[in-house]
Amino acid sequence: EVLKRVAEITGEENNASWSNLAPQVAIIMGSDSDLPTLKPAAVILKQFGVPFELTIVSAHRTPDRMMEYARSAADRGIKVIIAAAGGAAHLPGMVAALTPLPVIGVPVALKVLDGVDSLHSIVQMPVSSRFVFECRWVRELIGPLQRGIPVATVAINNSTNAALLAIRILGAHVPLYLQKMATYMNSQKDEVLTKVEKLEK
Ligand code: RP5
């Protein structure tokens, strides 16, 4: 079912050749209505040849599934989680609280509030430094600056950047991904320089 979905959104009939590998990135979202927003992330991961899985995990509607999913992710070989949600977007923060893996949050814009609610829900992690520092004076000294459970939040609806960031994180241990990232960056540079040349002609 998941493979079918990935094939659907990446526009390819057969993903078996690469998706048979153990997924390194997990793309999860609060609802299937988030799927169009996550499509660019899936396309980028596919383009870079990064095996990923993609599914729906709702913090509010399937809390038990969310806990099970987040707690088992690292043991299943997942290295980075991209979590997207809209509105009261608690999924990325809750998942980050349940796994030591890096979590990248994608705020999804809904029809009201233009996604600012989602952005603030994801970026403003409210976990107190109390859990991190046992010593009271250290807590009081740096408490306001320290929070403890980070979510690397990208811009509203920007799942492309979420995927690129995930690949950079993986690239710390996989030189091939760094090479591919350098090539990707060069192609962006060339694209701009071509436009400059055209404009200045
Ligand atoms: C969030 O509520 C989801 O991430 C989605 O962005 C939003 C609306 O969900 P649906 O009502 O479309 O299922 O949990």
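I call a residue buried if 20 or more other C-beta atoms lie within 10 Å of its own, exposed if 12 or fewer, and partly exposed in between, with C-beta atoms placed from the backbone.

Ground rules next. This is a predicted model, where local features need pLDDT of at least 70, side-chain atom pairs count only at pLDDT 80 or more, and totals for chains, interfaces and linings use all residues. Residues are numbered from 1 along each chain as its sequence is written.

I started with strand β1, residues 25-29 (strands, E, at least two residues, and helices, H or I, at least four, are DSSP runs numbered from the N terminus). Five of its five residues are buried, so β1 is largely enclosed by the rest of the structure. I checked both faces: Val25, Ile27 and Met29 are buried on one side, Ala26 and Ile28 on the other.

Then I looked up its partners (strands pair if DSSP finds at least two bridges between them). Five bridges join β1 to β2, residues 52-56, and the two run parallel. Ile27 sits opposite Leu54 of β2. Between β1 and β2 the chain passes through helix α3, residues 35-48, in a right-handed β-α-β crossover (clockwise from first strand over helix to second, with the strands pointing away from the viewer). β3, residues 80-86, also pairs with β1 in the parallel sense, over five bridges. There, Ala26 has Ile81 as its bridge partner.

Which residues does Ile27 touch, not counting those up to four places away in sequence? I found Leu38, Ala41, Ala42, Phe52, Leu54 and Ile82 (contact means C-beta atoms, placed from the backbone, within 7 Å).

How values were computed. Two residues are in contact if their C-beta atoms, placed from the backbone, lie within 7 Å.
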